[in-house]
Amino acid sequence: MARRTIWPVMAAGGLLLGLAAITGAALSGPSADAQSNPTDDDHEVWITETGFNPQSCTVRRSDNVRFVNKSSSVRDVVFDDLTVPGEPNTPLSTGDIQPGGSSTSFSFDIGGSNSYHDKYTPAFTGSISTTVGGAVLCSQQTPTPTPPSATPTPPRSPACGVQAGCAIVPGVSRDD
């Protein structure tokens, strides 16, 4: 009797593992493959409060790229021109990435440029290009510091004119 109850559980477990393998193999355009060849380079694209960093990334074919959510909001990276294999109306995406989390690694086995955007903030856009033997350019950029805003000069009072003692520039007065 124990064999009858264990066998269906084992068969169901085997079926689930088989489905997981088929699902992973189906994503071979860029493939969602967490277990990659250890000789491949791994790259990260950060999703910050202001967008993707780097916004543009060039990697070698078969390099792995994963998206890391460094923002405080849930993110979902959707590829603009790539679809789930066998489902031409379903855009390829990372699925929801929680703050502090990361996506599965994607391996880009086809050449060209693949643009993407954040599902929840469509203004956040980026692209990943693949190269054969070319330079790899996929590292985070240091944010450009925002220069301090200049204090605007207050307008000169029309009543001032060119009278002695009237302020021309803040902190500078004219005495005749």
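Student: In which strand is threonine 130 found?

Tutor: Threonine 130 is in strand β10, residues 125-131. A strand here is a DSSP run of E with at least two residues, numbered from the N terminus. This is a predicted model, where local features need pLDDT of at least 70, side-chain atom pairs count only at pLDDT 80 or more, and totals for chains, interfaces and linings use all residues. Residues are numbered from 1 along each chain as its sequence is written, and side-chain values use heavy atoms, with hydrogens and water left out.

Student: Why is threonine 130 called buried?

Tutor: Its relative accessible area is 13%. Buried means under 20%, exposed means over 50%, and partly exposed lies in between, with a 1.4 Å probe and protein chains only. So threonine 130 counts as buried.

Student: Which residues does threonine 130 touch?

Tutor: Leaving out residues up to four places away in sequence, threonine 130 touches Val59, Arg61, Phe108, Ile110, Gly111 and Gly112. Contact means heavy atoms within 4.5 Å.

Student: What about asparagine 69: why does this residue count as buried?

Tutor: Asparagine 69 has 1% relative accessibility, so the buried label applies. Asparagine 69 belongs to strand β5. Beyond four places in sequence, its contacts include Ile47, Val74, Gln98 and Gly101.

Student: What lies 3.4 Å from a polar atom of the asparagine 69 side chain?

Tutor: The backbone oxygen of glutamine 98 does. A polar contact is a pair of N or O atoms within 3.5 Å; within protein, one must be able to donate a hydrogen and the other to accept it, and residues adjacent in sequence count only if both atoms are side-chain atoms.

Student: What makes serine 56 partly exposed?

Tutor: The value for serine 56 is 47% relative accessible area, so the residue is partly exposed. Serine 56 sits in strand β4. Not counting residues up to four places away in sequence, serine 56 touches Ser127 and Leu137.

Student: How far apart are serine 56 and serine 129?

Tutor: In sequence, 73 residues; in space, 7.9 Å, C-alpha to C-alpha.

Student: Which peptide bond is cis, joining asparagine 53 to what?

Tutor: The cis bond joins asparagine 53 and proline 54, with omega about 0 degrees. Proline 54 is in the loop between β3 (51-53) and β4 (56-60).

How values were computed: Helices (H or I, at least four residues) and strands (E, at least two) are DSSP runs, numbered from the N terminus.
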